[in-house]
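Hello,

Please find the structure below. My notes on it follow.

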Amino acid sequence: MYKHVALLVRKDGLTHDEFVEYWRERHSPLARDIEGVVRYHTVYPTDPDHAEFDGVAELYFETLDDLHAALGSPGSRDYDPTKEVAAKAREDVDEFLAVEERPRFIGEERVWKDEVGATAATPYGDTDGLYKHSAFLVRKDGLTHEAFRDYWENEHSPLAKEIEGVVRYHTVYPTAPEHAEFDGVAELYFETLDDLHAALGSPGSRDYDPTKEVAAKAREDVDNFLAIEERPRFIGREVVQKDETDAG
């Protein structure tokens, strides 16, 4: 599944609460009907005062062509869609977003762990209401993207999926690394915010110092391949706005 992840920054003059109200009531009804979208998540920060962004929007497509037709190529933060609803949604973002300050990421998702009830007919299970830690990964100096990905897949992800409290773990790989703003995205889901904080710290810092055994090993390991201080992260609660991925 191909995925467009937008890290949202509110327009000057809006409070966070005003931004959320507009996003939820005005923009999301448009976004979920963008041509080709089969699944749509919004993720609201659990602690807006310490969050690096005002929210995260995730739109899923069956094919990369469908994604690019709706939301443009990965080479720019802006885009100029020709499809009807996508064009309306793009016009509407100027009402509440600082588009040029909004990083985005286009990638292909891989699921490493799932304990949220996914089946062949419902491949995403039920993530609605779960707490999610999204890490936007920047590789360590001296690593190529390919070496970074090899380490992430073969050394780190087997650790990360076993972090205490994690019920679902995705990695998202850029479809065009040369144009991507990040080397990848790691998404870890938890049943409770307390479980998330115990494993990965509070939202007040990009770094953290976990005490749980596997979480501590995973934190130590990130220094082998990540530039931790350059890696934005976002802690929020997911709302599933649309899901048409039912294979049945």
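The side chain of Lys242 reaches the backbone oxygen of Val37 at 3.1 Å, a polar contact (N or O atoms within 3.5 Å; within protein, one must be able to donate a hydrogen and the other to accept it, and residues adjacent in sequence count only if both atoms are side-chain atoms). This is a predicted model: local features need pLDDT of at least 70 and side-chain atom pairs pLDDT 80 or more, while totals for chains, interfaces and linings use all residues. Numbering starts from 1 along each chain as its sequence is written, and side-chain values use heavy atoms, without hydrogens and water.

Lys242 sits in strand β8 (residues 233-243); strands (E, at least two residues) and helices (H or I, at least four) are DSSP runs, numbered from the N terminus. Lys242 is buried but has no salt bridge, and Glu244, the nearest side chain of opposite charge, is 4.1 Å away. Buried means under 20% relative accessible area, exposed over 50%, partly exposed in between (1.4 Å probe, protein chains only). Lys and Arg count as positive, Asp and Glu as negative; His and the chain ends are not counted. A salt bridge needs a side-chain nitrogen of Lys or Arg within 4 Å of a carboxyl oxygen of Asp or Glu.

The structure has 21 salt bridges. In one of them, Glu109 pairs with Lys3, with the closest N and O atoms 2.9 Å apart. Glu109 belongs to strand β4 (residues 104-114) and Lys3 to strand β1 (residues 2-8), 106 residues apart. Glu109 counts as buried at 11% relative accessibility, and Lys3 at 0%.

Regards
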